[in-house]
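Visitor: Can you walk me through this one? Please keep it brief.

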Amino acid sequence: MKDKATQIEELYYLCIELPADVRYSPERRAITIMVPPPWNEAAEATASNIHNIIKRWLKQSPDVFRYSFDKFSTLLYAP
C-alpha cells in the first residue's frame, strides 16, 4: 500500500487537470479544490461533477479524506 504522502501527491496530479483552482500543501498533506466565481448554476454543475470525480478517485486512496466546505470548495487531506 502507498503511504499517505504518495496518495495525496498522486491525487494532486489528478486534481490539477480539473476546471478549478487547486492548491497543494505537501507539508500538511492537503489539497484544496475550489470552483472559481461566478458561483451560478453552471459553476454549481461543474462543482457537482468535480465532487463525483473526486469521490471515485478516493476509492483508490484509503488514507485520504474529503471535506466539503460548501458546494464549490473541497479539502482533501491525509492526517
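Guide: What follows covers strand pairing and then aromatic rings. This is a predicted model, where local features need pLDDT of at least 70, side-chain atom pairs count only at pLDDT 80 or more, and totals for chains, interfaces and linings use all residues. Residues are numbered from 1 along each chain as its sequence is written, and side-chain values use heavy atoms, with hydrogens and water left out.

Visitor: How many residues of β4 are buried?

Guide: In strand β4 (residues 73-77), 4 of the 5 residues are buried. Buried means under 20% relative accessible area, exposed over 50%, partly exposed in between (1.4 Å probe, protein chains only). Strands are DSSP runs of E with at least two residues, helices runs of H or I with at least four, numbered from the N terminus.

Visitor: And in which sense do β2 and β4 pair?

Guide: Antiparallel: strand β2 (residues 30-34) and β4 share 5 bridges, with A30 opposite Y77. Two strands pair if DSSP finds at least two bridges between them.

Visitor: What joins β3 to β4?

Guide: A hairpin through 4 residues. Strand β3 (residues 65-68) runs antiparallel to β4 over 4 bridges, and S68 has T74 as its bridge partner.

Visitor: Switching topic: how many aromatic pairs?

Guide: The structure has 5. Rings of Phe, Tyr and Trp (its six-membered ring) pair with centres within 6.5 Å; planes under 30 degrees apart count as stacked, over 60 as edge-to-face, the rest as tilted.

Visitor: Why is the Y12 and Y24 pair stacked?

Guide: Because the planes are at 15°, with ring centres 4.5 Å apart. Y12 sits in helix α1 (residues 4-15) and Y24 in strand β1 (residues 21-25), 12 residues apart.

Visitor: Which residues form the cluster?

Guide: Y12, Y13 and Y24. Y24 is partly exposed because its relative accessibility is 27%.
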